[in-house]
Amino acid sequence: MKLKRPALWAVIFTICGIYFRLGISKGVCLAFFAFVVFTISCFVKNGQLKSAVVFLVIMMLGFFLAGQGGREPVTFLEGRVLSQSSGIIREYGTTSSGNQKLLIRIQEPVSKKSIGLYAIYTGKGSFKVGDRVVLSGELLPLEGNKVPGGYNEKLYLQTKGIDYKIYPDKMVKVGESKGCLVPFQRLKERVFNVFDTVLPQKESGIVKAMVTGERDDIHQETWDLYRKSGINHILCVSGLHVSLFALFLHIFIEKYLKQSRRMTAFITIGCCIGFLIFTGFSPSSVRAVIMIVVSLLGVILFRKSDWLNSLALAALVILLFQPLYLWNAGFQLSFVTAFGIWVGLQVMPRDSSRLGKLKQSVILSLYASLFSYPLVAYHFFSISLVGVFINIIILPLSGLLLFFSFFTAVAGVIFPPLAAISAGGVYGILKFFEMVCSVAVSIPNSYFLVGAPSIVSMVLFYMILLMSSFYGKRFCHLKEILCVTLILGFSLLGNRLIFQKNTIAFLDVGQGDATVISTYDGRAIVIDGGGWFNQEMGKNTGVKVVQPYLEYLGIRELDGIFLTHFDADHMLGVIELCQNVATKGLYLSEYPYADRENWQVLKEILEKEDIMLYTVKEGDTAAWGSNGNIQCLYPPRGVKFIGNDDNHGSLVLKYEYGSTKTLFTGDATREAERIMLTKGADVSAQILKLGHHGSKNSSSGVFLEKVSPKEAIISCGEDNIYGHPHKETLERLHVQGISTYRTDKQGTVLTKISPKGGYTMEAVLERESVYERIKKTMEKR
């Protein structure tokens with residue numbers, strides 16, 4: 001019996017193999033294992049032994065390639081200083097601070113190994129693709145995701161073949177490469193000049209992204225507006241753009257150049273591949289080009305292509321080339337949305353009337369949105385509820401916009417005055433888009449923060465959606481749909497109704513402190529917000545670290561923020577949070593702090609945002625309902641101001657939930673510790689956030705004995721100028737047998753606390769794949 005849609009089966013088994021090698025969830029691995037066993041058993045039972053063997057081989061191929069693609073670079077090169085190494089620039093762009101970012105391929109002089117570098121160049125001079133350069137600088141490791149909900153630099157750059165990061169001390173152009181990509185890059189630069197000449201800066205940035213894939217010039221306000229409206233797919237070279245490009249080209253060649261269908265297909269394939277090279281191989285554009293090529297090959301060979309099989313073939317090609325794309329947001333959204341459109345095509349009624357076509361457009365937009373919502377929430381934590389309707393308005397005009405954009409690019413290269421005329425159409429459509437989006441986002445709750453859903457709940461959502469679409473009306477499998485719906489409800493509400501675990505996140509904010517306590521029922525408080533020195537407000541830890549984590553949790557409002565003291569590495573993030581996150585109250589130490597500039601800024605924001613200000617002291621307790629209580633142990637009433645040392649007034653807080661106690665000591669000094677012990681304060685706790693980033697002037701031996709913690713967390717920056725944590729502190733912890741976690745080495749530390757007693761600790765940077773965990777266990781035996 002002939003197997004239907006073999007590419008679909010092949011890509012599913014490839015995904016299983018990749019996840020077996022790189023996946024970190026035991027549950028997902030077990031589910032994939034059960035699927036493989038069941039499916040292979042069915043193939044064998046039905047006499048399809050050859051198919052079973054082929055798919056097992058494909059799964060093993062995915063496993064092997066994932067091991068190659070996800071491998072760590074040669075560790076002995078980390079920290080090594082390159083001196084006068086030669087390389088070729090493969091990609092270039094601009095950082096948010098205006099520096100050049102370059103992807104460079106070099107040959108390591110000792111091992112002769114080709115390695116990829118992500119270079120951020122802050123010096124003078126500009127470079128472009130194809131330039132041969134000589135550079136010097138220290139090789140730095142890529143940074144993984146240190147905070148849940150944060151940017152994973154390592155994963156993103158590894159998909160581009162990058163092994164290390166470098167800030168070149170010196171970089172000089174010594175020649176130009178004659179590679180095949182250089183002519184495409186020169187053409188792209190000419191197109192950039194055309195758009196910059198005939199369009200305002202904001203509109204030019206949008207069109208560059210749509211036509212060339214270059215997104216560095218898009219204004220942040222434009223990003224936010226399009227994202228909240230649910231049309232941010234416009235701001236890249238998506239499958240829609242490639243499909244429209246192929247459609248325009250196909251019509252032009254067949255209708256106006258009078259070529260046969262087969263010749264038209266040949267030329268269109270060649271032009272689509274050229275366009276793909278020109279725009280830079282994004283997953284969505286690669287997907288679209290492969291599907292178009294398969295479809296046009298069907299025309300050439302007089303064969304009819306299967307839409308779903310072509311989609312699976314495109315995914316298979318991309319994953320075999322780079323298995324890490326499985327975790328890429330663009331890859332996931334492109335293929336799942338395309339699959340949603342296919343489902344919509346299967347279920348929508350066939351009606352050629354105008355009203356029927358309108359209904360079909362609504363159905364396709366609805367299915368595309370429904371299938372994308374879980375992934376959008378997983379990666380971006382919010383969904384646009386108006387996106388379904390905005391896309392119905394925007395998409396028909398997107399074809400016209402792309403036509404004017406392509407025409408402007410071509411005309412600008414050949415005859416610039418004509419480009420200035422067609423640019424008027426581009427400008428008018430983009431202004432209409434802006435008006436529609438502005439109206440849409442002004443609607444209350446049009447853009448909804450939901451937090452990142454669990455993988456289980458996402459899978460169950462898709463199961464319900466597919467069952468409802470294909471079987472709901474036809475076979476009335478209401479029992480199955482109800483069963484899956486109940487399981488989905490349990491996955492979403494299980495912690496709230498049954499487990500009721502609270503989480504303490506000691507966030508990695510570099511050299512500073514920031515902690516978030518989140519509860520099973522969706523509430524949260526923050527203790528300090530971190531702060532980076534010499535970093536402007538709006539780009540500091542509150543916006544870049546703490547707020548993304550709160551959005552990851554789906555937190556829309558904070559019950560309170562505790563600011564232990566006024567040092568910048570605790571306070572700057574709090575200022576940003578008060579400005580950007582709804583907050584019921586800010587709690588300060590009852591200590592006569594010096595009247596600093598940051599305090600004046602914070603007071604203005606509190607008044608503007610109508611946030612209540614409270615002062616707390618020793619003995620004050622805040623009952624947090626069923627979520628435990630927070631007690632202040634320091635400072636005592638009437639504490640005196642001592643010089644310029646704000647650390648003397650630092651809050652010391654104790655959070656108790658179930659039978660688990662956690663002590664937060666801010667930057668408390670030994671003197672503060674002595675005062676607490678003299679007064680007989682109950683400082684005992686299982687978990688201790690060490691004082692002053694592990695300074696030797698905090699966390700005395702006597703204090704540690706009284707606290708008697710099992711775990712200690714040190715929040716500090718990597719290679720910080722203060723030398724935190726100090727050797728003496730680490731020795732005291734070691735002597736008392738206290739397990740130590742460090743944010744500079746292990747990233748964010750998560751503590752999950754049960755109301756029945758007990759807790760678990762996890763360091764984000766130490767998350768390993770299931771395969772690696774099994775491998776280490778076997779090696780120990």
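Analyst: The structure holds 1 cavity of 30 Å³ or more. A cavity here is a set of points, on a 1 Å grid over the protein atoms alone, where a 1.4 Å probe fits but cannot get out, and lining residues have an atom within 4 Å of a point. Grid points are joined across faces, edges and corners, and the volume is the space filled by probe spheres set on the points. This is a predicted model, in which local features need pLDDT of at least 70 and side-chain atom pairs count only at pLDDT 80 or more, while totals for chains, interfaces and linings use all residues. Residues are numbered from 1 along each chain as its sequence is written, and side-chain values use heavy atoms, with hydrogens and water left out.

The largest cavity has about 50 Å³ of space. Its lining consists of D513, A514, T515, I527, D528, T564, F664, T665, G666 and K689. By class, the lining has 3 nonpolar, 4 polar and 3 charged residues (nonpolar: Ala, Val, Leu, Ile, Met, Phe, Trp, Tyr, Cys and Pro; charged: Asp, Glu, Lys and Arg; polar: the others, Gly among them).

On the surface, L400, F403, F407, V410, I414, F415, L418 and I421 form a nonpolar patch with about 790 Å² of accessible area together. Such a patch takes residues with over 30% relative accessible area and no salt bridge, nonpolar side chains (Val, Leu, Ile, Met, Phe, Trp, Tyr) being joined within 5 Å; areas come from the Shrake-Rupley method with a 1.4 Å probe, and for residues only the protein chains shown count as cover. Helix α14 gives the largest share, 5 residues. L418 is in helix α15 and, at 33% relative accessibility, is partly exposed (buried is under 20%, exposed over 50%, partly exposed in between).

The whole structure has 27 salt bridges, each a side-chain nitrogen of Lys or Arg within 4 Å of a carboxyl oxygen of Asp or Glu. One joins D217 and K208, with the closest N and O atoms 2.8 Å apart; D217 is partly exposed at 34%, whereas K208 is buried at 4%. Another joins R227 and D224 at 3.0 Å, N to O; these residues are 3 apart in helix α7 (residues 220-229), so about one helical turn separates them.

Methods:
On a 1 Å grid over the protein atoms alone, a cavity is a set of points where a 1.4 Å probe fits but cannot get out, and a pocket is an open set with protein on both sides within 12 Å along at least five of seven lines; lining residues have an atom within 4 Å of a point. Patches are made of residues with over 30% relative accessible area and no salt bridge: like charges are joined within 9 Å, nonpolar side chains (Val, Leu, Ile, Met, Phe, Trp, Tyr) within 5 Å. Helices (H or I, at least four residues) and strands (E, at least two) are DSSP runs, numbered from the N terminus. Buried means under 20% relative accessible area, exposed over 50%, partly exposed in between (1.4 Å probe, protein chains only).
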